[in-house]
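Open the model in your viewer and have the selection tool ready.

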Amino acid sequence: MTADRLGFAVSLARKAGALAQSMRDQAGGLDYTIKAPEDYATDADYAVEALIRQRIAETYPDDGVLGEEEGLKGRVDGCWIVDPIDGTINFSRGMDDWGISIGYFNGTEFELGVIYAPDKDLMASGQIGRGAFVNGKPVTLGQGHPDQTKLISIGYSDRQPMQEYTDRIARIRAAGMDHRRHGAATIGILGVLSGWFDAYYERALNIWDAAAGLAMIKAAGGVVEHGPFDTFLKEPTRVLAHNGRIPEIAQIVDPPHSQAAE
Ligand code: LIP
């Protein structure tokens, strides 16, 4: 008999977060592997992914794992989707906007997810049919913040044109809303679950940055949009996750006839 997958993922994310923090704090500092301009991995990214893979293999040997650093091993229709450290640049500089992201794809949908932000001491978890929770408190989406501000968290990477990104921010501002960029998609999505933001958007996001968060937003009754699974499993797609409070948000971030909307 295997453990409940959601409980397993929560406990695993805690262990993973502790390992990442201890490696960052080690006397010799972190080692860096440059993957592309502004895209690198530290030895902590690799060690955390190895830990997660090892624990999954011990507990759920038939499950596949798709991770940012080591790619897909095993089946896809019953597959953990893992970003060992999302927001590596923030993490390695001692900022607190980074997270461990562990999701599970059952072949049809993102079924469950956990995002753990160790430096913020925030643990979000959720499963379709069971709701979502932040530090054990049930998530209620759509109420908005008492100050009435509408706040959109946006991700940006070199995978998208800069002009498109700045145009999108201009449209958000013109619609009377504001934006934030954290450099970690997990923190943006955690922010929607926590009530900081109404939506998270990124024009071209990798599945390991998104799977866990999208499962939780959906489990909490929010709205998620992303590319078809067969595409998303291979390449970045447009991702929008929101609390339903701004029905026109999809048209604001991607107006009809824009390239991203197609
Ligand atoms: C990063 C994301 C960030 C996104 C970048 C990148 P990494 O992940 O979380 O929000 O804009 O495209 O993928 O590389 O720090 O794990």
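Start at the contact between the domains: 37 residues of domain 1 touch 27 residues of domain 2, where contact means heavy atoms within 4.5 Å. To see this, select 5–138 as domain 1 and 151–260 as domain 2; these bounds come from an automatic or database domain assignment. Their C-alpha centres lie 20 Å apart.

This is a predicted model: local features need pLDDT of at least 70, side-chain atom pairs count only at pLDDT 80 or more, and totals for chains, interfaces and linings use all residues. Residues are numbered from 1 along each chain as its sequence is written, and side-chain values use heavy atoms, with hydrogens and water left out.

Next, show the surface. The two domains bury about 2500 Å² between them, 73% of it on carbon and sulfur atoms. (Buried area is the accessible area, 1.4 Å probe, that two parts lose on being put together, summed over both.) Now pick D86, F110 and I115. These supply 26% of the area that domain 1 buries against domain 2, more than any other three residues.

Move to K218 and E109. Their side chains form a salt bridge at 3.5 Å, N to O; the rule asks for a side-chain nitrogen of Lys or Arg within 4 Å of a carboxyl oxygen of Asp or Glu. Across the interface of domain 1 and domain 2, the rule finds one salt bridge.

Finish with the strands, which are DSSP runs (E, at least two residues) numbered from the N terminus. Colour β3 (64–67), β5 (79–86), β6 (99–105), β7 (110–117), β8 (122–127) and β9 (131–134): each supplies at least two residues of the domain 1 side that touches domain 2. Of that side, β7 gives the most, with seven residues.

Notes:
Helices (H or I, at least four residues) and strands (E, at least two) are DSSP runs, numbered from the N terminus.
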